[in-house]
Amino acid sequence: MRIRTVVSLFVAPLIFTLFASSIGPSAYSEPQLNRKPASRAANVQTGTIVSIDSGAGTLVLKIKSGADVTYHITDKTHVLKEKRVVEATAFHAGELAVVRFRKSSAGPASLYDLADKTSWEWLNRLRHETTMVTLAEATDEELKVTEGSDKAETQYRITEKTAWQKNGKSATAADFKAGDHLYVVPRLLPGGNIMAMAVSDAPEGAAMLKERSKATLSGSLKLVNTEKRTILLHTVAGEDRDLTLAPDCVVRMFSKDVPLTTLRPGLPVSVHLTHSAENELEVSRVTIQSKKGSARRSSTRTAKPAMKPNLKPVPKP
């Protein structure tokens, strides 16, 4: 009995080690869901200012590697400090700065942005995330707002493509007044300005307007009519969309084409939208998505409980 116990204590860890090494270290590493992915763009750099010459339009930045990099400040460079637009002379040697640049085949890279760390994080958020702001003034071309407890001022570009919503219904800029809280869906323009893709008085409305601007939707099927070639999709944003399937619409499942009759209510899907010859919106592809984790949860529920060891004393011979 003692020999069997010793062997078990030796063999069990050995088997576990061999198994773990065969599937790789990632299987037992710390979960990745709570880790923030690297979002810093390749053309964004942080460093300490070595020198800045507004007359010559140059900025020398000492980056993390220790190298000194020279950048060109142009008339179009966005310069921010403490969330406010300033001149480049507001920055001094020894200060930490973040730059976004455009590489050049001849001479130093030109700067899109020059900002302190706080201003850059704020500006980057406005450019990429739906943000609640307070309306200051709305014109045909610009939306002037303040954001945050410090009421930092910023502007959004308004175009004919900007979608407006109030109380769940289509609206215009004239339906809002100074002091209103708005949720703005941004779109970064090449020069660094921000366009307002959608403006709503509620976060749910902003999410729906943002979703409507995309060519791909995700959600679950509520109704399927194969004869009329229509589906009712409950989207991730919470909207029910009546959609028409194109004559050549393809249905995919597990990377294979499947019959249209495979579609049924309750299935999680993603759909790709295109415009027909008549400029009508229609579905060109439906991809049936797998319910991730369901198999794992099922196996967990049906797993047999571990056998308890027999703790009864072995009778002495």
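**Exercise 1. How many residues lie between β16 and β17 in their hairpin, and which turn residue has a positive phi?**

Solution, step by step. Two strands pair if DSSP finds at least two bridges between them.

Step 1. The hairpin of β16 and β17 has four residues between its strands. In the turn, G238 shows a positive phi of about 95°.

Step 2. Look along the strands themselves: β16 and β17 (residues 240-253) are antiparallel and share five bridges. T230, for example, has T244 as its bridge partner in β17.

Before going on, two notes on the source. This is a predicted model, in which local features need pLDDT of at least 70 and side-chain atom pairs count only at pLDDT 80 or more, while totals for chains, interfaces and linings use all residues. Residues are numbered from 1 along each chain as its sequence is written, and side-chain values use heavy atoms, with hydrogens and water left out.

**Exercise 2. Which strand pairs with β15, and in which sense?**

Solution. Step 1. β15 (residues 216-225) pairs with β16 (residues 230-235) in the antiparallel sense, over six bridges.

Step 3. Now visit the turn. Four residues separate the strands of this hairpin, and R229 takes a positive phi near 55°.

**Exercise 3. Find K151 and F254: where do they lie, and are they buried or exposed?**

Solution. Step 1. You will need the cut-offs: buried means under 20% relative accessible area, exposed over 50%, and partly exposed in between (1.4 Å probe, protein chains only).

Step 1. K151 sits in the loop between β9 and β10. Its relative accessibility is 58%, so K151 counts as exposed. Its phi is near 50°, a positive value in a residue other than glycine.

Step 2. F254 belongs to the loop between β17 and β18. With 63% relative accessibility, F254 counts as exposed. F254 is not a glycine, and yet its phi is positive, at about 55°.

**Exercise 4. Why does T262 count as buried, and which residues does it touch?**

Solution. Step 1. Locate T262 in the loop between β18 (256-258) and β19 (268-275).

Step 1. T262 counts as buried because its relative accessibility is 18%.

Step 2. Contact means heavy atoms within 4.5 Å. Not counting residues up to four places away in sequence, T262 touches M253, L267 and I288.

Step 3. K83 is buried, with a relative accessible area of 16%. Leaving aside neighbours within four places in sequence, the contacts of K83 include T118, W122 and D150.

**Exercise 5. Which residues have the most contacts inside the largest nonpolar core?**

Solution. Step 1. A nonpolar core is a set of buried Ala, Val, Leu, Ile, Met, Phe, Trp, Tyr and Cys residues joined through side-chain atoms within 4.5 Å.

Step 1. The largest one has 23 residues, and L143, Y156, W164 and L182 have the most contacts inside it. Helix α2 (117-128) is one of the elements that give two or more residues to this core. The biggest contribution, four residues, comes from α2.

Step 2. Zoom in on W164: leaving aside neighbours within four places in sequence, its contacts include L143, F176, V199 and L209.

Step 3. L209 leads us to helix α3 (residues 203-212), where G205, A206, M208, L209 and E211 are buried. These buried residues of α3 pack against β11 (163-166), β13, β14, β15 and β16.

**Exercise 6. How many helices and strands are in the chain, and what percentage of its residues is buried?**

Solution. Step 1. Count the elements: the chain has four helices and 20 strands.

Step 1. Of its 317 residues, 32% are buried.

Step 2. Finish with contacts: among those with a separation of 6 or more, 50% join residues 24 or more positions apart.
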